[in-house]
Protein chains: 2
Amino acid sequence: MPTPLQDNLVHRVNVGDTLTRTADRLPDKVAVVDGDRRITYRELDDWTDRLARGLVDRGYAPGDSLALASGNSAEFLAVYYACAKAGVVCVPLNLGWRPDEAGYVLGHAGVRGVVVETQLADWVGQALDGLDGVTDVVVAPGTGGPVPETLAGRTTVTTAAFEGAAGPVEELVEDRAPVTYLYTSGTTSAPKGVVGNHVAVVVESLTMALEARWTDDDRFVAMMPMFHTAQLNCFCTPAVILGATLVVHRGFDADRLLDTIESERITQVFGLPMMLRALTERPDIADRDLSTLRRACYAMAPMPESQLRRAIEVLGCELFLLFGQTEMSPTTTLFRPEHQLTHAGAVGTPTVSVRVALMGPDGERVAPGEEGEIVYRSPQALTGYLHDEAATEAAFAGGWFHSGDIGRFDDDGVLWFADRSKDVIKTGGENVASIEVERALYAADPRIAEVVAVGLPHERWTEAITAVVVAQPGAVIDEAELLAAVRTRLDGYKVPKAVVVLPDLPRTSTGKVQKNVLRQRLADHYAEGTR
Amino acid sequence: MPTPLQDNLVHRVNVGDTLTRTADRLPDKVAVVDGDRRITYRELDDWTDRLARGLVDRGYAPGDSLALASGNSAEFLAVYYACAKAGVVCVPLNLGWRPDEAGYVLGHAGVRGVVVETQLADWVGQALDGLDGVTDVVVAPGTGGPVPETLAGRTTVTTAAFEGAAGPVEELVEDRAPVTYLYTSGTTSAPKGVVGNHVAVVVESLTMALEARWTDDDRFVAMMPMFHTAQLNCFCTPAVILGATLVVHRGFDADRLLDTIESERITQVFGLPMMLRALTERPDIADRDLSTLRRACYAMAPMPESQLRRAIEVLGCELFLLFGQTEMSPTTTLFRPEHQLTHAGAVGTPTVSVRVALMGPDGERVAPGEEGEIVYRSPQALTGYLHDEAATEAAFAGGWFHSGDIGRFDDDGVLWFADRSKDVIKTGGENVASIEVERALYAADPRIAEVVAVGLPHERWTEAITAVVVAQPGAVIDEAELLAAVRTRLDGYKVPKAVVVLPDLPRTSTGKVQKNVLRQRLADHYAEGTR
């Protein structure tokens, strides 16, 4: 019989192996452009080998975990792939967290070490306070500050000094071994550690490449945070499998993005709807050469139809939306280019690797056309929640992953997201999906730049539907006029009781509007009985 | 914690689930056209559920195996997917085997039952002789003969009567559980049982769809035998994942194929080089409407450049070649459309899911540009050889799958197949790749329709290189003239010692030339010392 390691090496599924395969096929192709650095696939693969060797040399074994505190950079990708090769679980930290939140995650994930960019040293230093189990601190060159010699009392080492000898690392890493612990950003509760695995990531990445029809000729801007599953698994890992090129940006800057599209002949961009809108609003947009763009992808939330039309026209490319969640690695449906205008507001049709069903509270599938909780089966599903068997059991009830999203399939088989279960507003004995109210508001008044509907405590209605609005630049929203306009579009009980105009909305670091923060801030809105 | 079954259902990789997902997405799309029957994805999925229930009702448990003796048909696909859903291992029988060979496989695979088409009842009846472990005989409607009531002393049941109740079957089937035992056709030795598994087939199928750029709009003719990995896993399983349509033919008939291309608006055909050539030689080919064809795929062997040019011109579509082997599920490289004429004779570049390396007899990688044994690492690799740990250990030596093929990468990273290890001719102390000799012969004389080079026993040369030639229709091959022409193209020791002209070449049922049969037949060619 072959040894267990030989057996594993012949046919395992491993995220790190996908990089090695591409390096073999396309050694001189540029994998990553990060500032002035242009790193080929051969160079990236060799670099990750040396980093993986550094992990093994320091005694990291498959199943150990390493935190990664880094903005988008070549180092981020190198550490991620090095961990995969060594069987070490990578734990990217969300840079939007407070130090105590980051500290909670470092402790919960039981990391042995942390890789930190120079400009994040203070933040990580505070997070490390009291965490004696974290013994290794590795400092990556970042965007600012000197390399500290010690951090939270620990001697540091640079990423360059951390590297081991050249050559492949061959550890026994099982197909379903954990590859990441990605902590959900937690709009409501403490972050949960989503255990991702090699099969889930590789199947999702192949599926994304297939569904989005990407090739190794594609050139991506990676500007959404890599610590988030969408940038990491919908774009970075498929690009590496194909041998495409990733141009790294540390965040969104409309002018810089336009410069890069021109200079790097970018074919694919991915951002939030507001970022795509911001692009279309640049004063010099008509003078820009966007002819290389094939597709723009947006995530998290549908775009109002007027913005969609404008983006398609101005960017001169197809648009599509990704829908899913961290637990599904993450893409479950694609709102495809051909549906953008005919089904505006939907979240699309399932990918070939995800089964999507709708379930009632009784655990039975709902009748066609009815709303239900969106549940999934897919090789892409998480292994489980780390150290939380109860949450895993609840999420896997009946042999389906329960998303917590409410949705509906229309007659064309297109999925419409109704709401997060917890975003359903309970008003006067009725359940109202906040998204339905939001859609009506968008349609009622073009002066609205952004709107969310939340339920606020109310003596009579239990929760009073409330529209929280951001106006277009220079526009003024008239509450009475808006409510009158929306009244023609919604059943009476779904019409907001009030409109609150704010200069902007609170967001998580990945751009999701934090409805819980709004509900907290506006909790007393109806307290005086004034409405 | 979730139960093991719930856990499995949430995130398993299962070939049967790929059909269910497509049935959910595209219920009314036609999955299979078989004669007058047009079977939708919903119908096919429901049918396989009932067949899977039939297996469970009769006590089949995951890991049990069922043989399938069938030509290409809707039933073949239904039984295959039903087995996958129930965790039962499907053992398709090669219809080219003698009854005793089929009997060997039935016994070796330890099948509990066999599904047999009516016209194959006699053949299977003979194969079953003495195999008491095979208790169930299920008869499918075939192309001829009545349904027998007993077969080899066993009471039979029809596939329709075998079906259980409607509704999904939910068995615990592990990601790497066996899905098929595919017996290699064995040009030299007893067939070996290649244990394929769900991850291997699903990764290969996603990869094929991605690399070949197929979509659910594609319409395939399935005319190569489904019992062979190439038709089954390169075309049928990717088509089902995508939701494309398979039009089933029981074999190759040029005129019928052309009729079907026109009537079913076929976009993809797959056949042997000689089949594509036969199409181009039909007298009415110019009057045929082939405008729907996007690509023609050929397998097993490269096509001579003149045939390639003619096929591209006449069929009016792109051509590509698949290379690989049953053990790799099977595709490892694609000889892509853009390389067909610039690198004619090569076998292409690796797919994104297969790592290809070349190894010397010392187990070390060879230097760039040198020949070596083609070795693989990939999630697509077989689990192992059934009941043959020694063969598995030998094949997995050093943590690579050893293909037994000799190859070379050129400077463009394109792989050239040099030979099967055992097809290397050892002559006068030199090793000569038979394929190099064959290429020179093709180039030397356009009157050659087909040629193979084999080494035959020879007192002086150990093996004497011998050209076995089939002439173009109506053409006559002159031995002296051919040898003179080839002498200008090859080193002296590579020039054949003799030319043997035959009316045709012996082949396996999947179209591979049986060099071992030729070597046997011609073993005495040099025995008299006449040459």
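Colleague: What makes you say that chain B and chain A are in contact, and how many residues take part?

Modeller: Contact means heavy atoms within 4.5 Å. By that rule, 50 residues of chain B are in contact with 50 residues of chain A. Bear in mind that this is a predicted model, where local features need pLDDT of at least 70, side-chain atom pairs count only at pLDDT 80 or more, and totals for chains, interfaces and linings use all residues. As for bookkeeping, residues are numbered from 1 along each chain as its sequence is written, chains are lettered from A and ligands numbered from 1 in the order in which they are written, and side-chain values use heavy atoms, with hydrogens and water left out.

Colleague: How much area do chain B and chain A bury between them, and what does that number stand for?

Modeller: About 4,200 Å², with 61% of it on carbon and sulfur atoms. Buried area is the accessible area (1.4 Å probe) that two parts lose on being put together, summed over both. On chain B's side, B:Val10, B:Arg21 and B:Val352 supply 16% of the area buried against chain A, more than any other three residues.

Colleague: Why is the pair A:Asp175 and B:Arg176 called a salt bridge?

Modeller: The label needs a side-chain nitrogen of Lys or Arg within 4 Å of a carboxyl oxygen of Asp or Glu. Here the closest N and O atoms are 2.6 Å apart, so the pair passes the 4 Å limit. The count between chain B and chain A is six salt bridges.

Colleague: What makes strand 10 of chain B "mostly covered"?

Modeller: Strand 10 takes in residues 193-197, and five of its five residues are buried. Buried means under 20% relative accessible area, exposed over 50%, and partly exposed in between (1.4 Å probe, protein chains only). Both faces are covered: B:Gly193, B:Val195 and B:Asn197 are buried on one side, B:Val194 and B:Gly196 on the other. The strand itself is a DSSP run (E, at least two residues; helices are H or I, at least four), numbered from the N terminus.

Colleague: How do you know that strand 10 of chain B pairs with strand 9 and with strand 20?

Modeller: Two strands pair if DSSP finds at least two bridges between them. Five bridges join strand 9 (residues 178-183) to strand 10, running antiparallel, and B:Tyr183 has B:Gly193 as its bridge partner. Two bridges join strand 10 to strand 20 (residues 384-385), also antiparallel, with B:Val194 opposite B:Tyr385. Both pairs therefore qualify.

Colleague: Why are strand 18 and strand 22 of chain B placed at the edges of their sheet?

Modeller: That open sheet has four strands in the order 18-19-21-22, with antiparallel pairing. Strand 18 (355-359) and strand 22 (415-420) each have a single partner strand, so one side of each is left without a neighbour in the sheet. Within the sheet, four bridges join strand 19 (residues 372-377) to strand 21 (residues 401-409), and B:Gly372 stands opposite B:Gly407.

Colleague: Which two strands of chain B form a hairpin, and what sits in the turn?

Modeller: Strand 23 and strand 24 do, with two residues between them; B:Gly428 in the turn has a positive phi of about 55 degrees. Four bridges hold the antiparallel pairing of strand 23 (residues 424-427) and strand 24 (residues 430-433), and B:Lys426 is partnered with B:Asn431.
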